[in-house]
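Hi,

Here is the structure I promised to pass on.

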Amino acid sequence: MVFGVLLAGGIGSRMGNNEKPKQYLNIADKPIIIHTIEKFYLNDKFEKLYVLCPEQWIGHTKNLIRKYIGETDHIQVIAGGVTRNETIMNAIRQIESEYEVDDETIILTHDSVRPFVTHRIIEENIKYATKYGACDTAIPATDTIVQSDDNQVITTVPDRSKMYQGQTPQTFRLKKLKSLYESLTDEEKNLMTDAAKIFVIKGEKVYLVEGEVSNIKITYPYDLKVAEALIQDKN
């Protein structure tokens with residue numbers, strides 16, 4: 001079984017919008033979150049899709065799904081957690097309460113504000129996670145990456161040919177992800193910025209899926225303009 005988990009827990013502080021989180025802003029007269037959900041809803045590989053959002057936005061999210069997609073049991077909206085990984089754990093607990101999962105059960109996690117994910121990326125995530133157990137979507141870094149340990153002066157300049165920019169989806173065997181997360185100390189959990197890092201610090205291999213430059217994460221007001229241009233280009 002394969003489950004899709006769409007992470008919509010952000011509040012959009014960097015977007016400068018105090019009225020609603022960024023995933024509910026419109027591009028091409030439709031909320032960003034709906035554009036993203038549709039990409040996964042059209043893929044028949046998923047047993048079920050889970051959308052995790054702030055608790056106070058659950059009703060609004062359900063209403064949007066009914067308006068743009070229709071009544072369906074294939075999508076469930078539940079509350080996210082305090083952190084990204086706790087949100088994923090909430091999804092896992094929900095899946096386990098509804099299904100008999102096994103060692104081959106796959107969970108694909110994706111940012112709700114990456115609406116331009118492609119069918120190829122989704123398919124390859126499922127394929128690689130099924131074969132290898134864990135994969136992450138990334139593109140080669142085009143800019144030189146510099147590291148600063150004190151945020152003031154450059155400490156080192158890594159070899160750009162070995163640097164990648166992470167995207168999503170990130171896809172894993174569900175039970176393996178859960179067991180690795182539960183083995184972390186509280187200090188380690190606080191350092192985890194995404195689920196792939198859990199596998200890496202535990203010495204587990206995470207395979208690369210080639211992303212797309214267009215698979216942008218809508219974070220800043222400028223990104224909305226880029227997203228509108230991408231939508232127009234596809235029409």
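This is a predicted model: local features need pLDDT of at least 70, side-chain atom pairs count only at pLDDT 80 or more; totals for chains, interfaces and linings use all residues.

**Helix pairs**

I began with α1, which spans residues 32-41. This helix is mostly covered, with seven of its ten residues buried. The buried set consists of Ile32, Ile33, Ile34, His35, Thr36, Ile37 and Phe40.

Part of that set turns up again where α1 meets α2, the helix at residues 58-68. The two axes come within 10 Å and cross at roughly 60 degrees. With that angle, α1 and α2 are oblique to each other, and α1 passes α2 in a right-handed crossing. On the α1 side the contact is made by Ile33, Ile34, Ile37 and Glu38, and on the α2 side by Thr61, Leu64, Ile65 and Tyr68. Sorted by class, that gives six nonpolar residues, one polar and one charged. Ile33, Ile34 and Ile37 are among the buried residues of α1.

The other pair I looked at is α3 (residues 84-98) with α5 (residues 174-182). Here the axes come within 11 Å, and the crossing angle is roughly 130 degrees. This pair counts as oblique too, but α3 passes α5 in a left-handed crossing. From α3, the residues making the contact are Asn85, Glu86, Ile88, Met89, Ile92, Ile95 and Glu96; from α5, they are Leu174, Leu177, Lys178 and Tyr181. The class count for this contact is seven nonpolar, one polar and three charged.

**Residues worth a click**

Is His35 buried or exposed? It sits in helix α1, and at 12% relative accessibility it counts as buried, the cut-off being under 20%. Leaving aside neighbours within four places in sequence, His35 is in contact with Ile27, Ala28, Lys30, Pro115 and Ile231.

Thr109 belongs to strand β6, residues 106-111. Its relative accessible area is 0%, so Thr109 is buried. Which residues does Thr109 touch, not counting those up to four places away in sequence? The list is Val5, Leu7, Ile88, Thr168, Pro169, Gln170 and Phe172.

**Cysteines**

How many disulfides does the structure hold? The count is zero. Cys53 has 0% relative accessibility and is therefore buried. Cys135 also comes out at 0%, so that cysteine counts as buried as well.

Cys135 lies in strand β7, which covers residues 134-140. Not counting residues up to four places away in sequence, Cys135 touches Asn125, Tyr128, Ala129, Gln170, Thr171, Phe172, Val206, Tyr207 and Val209. For a sense of distance, take Cys135 and Pro21: they are 114 residues apart along the chain, and their C-alpha atoms are separated by 28 Å.

That's what I have for now.

Cheers

Definitions and conventions. Residues are numbered from 1 along each chain as its sequence is written. Side-chain values use heavy atoms; hydrogens and water are left out. Axes are lines fitted to C-alpha atoms, for helices over the stretch in contact, and angles run from 0 to 180 degrees between N-to-C directions. Helices (H or I, at least four residues) and strands (E, at least two) are DSSP runs, numbered from the N terminus. Angles under 35 degrees count as roughly parallel, over 145 as roughly antiparallel, 65 to 115 as roughly perpendicular and the rest as oblique. A crossing is left-handed if the near helix is turned anticlockwise from the far one by less than a right angle, and right-handed if clockwise. Contact means heavy atoms within 4.5 Å. Ala, Val, Leu, Ile, Met, Phe, Trp, Tyr, Cys and Pro count as nonpolar, Asp, Glu, Lys and Arg as charged, and the others, Gly among them, as polar. A disulfide is a pair of cysteine sulfur atoms within 2.5 Å. Buried means under 20% relative accessible area, exposed over 50%, partly exposed in between (1.4 Å probe, protein chains only).
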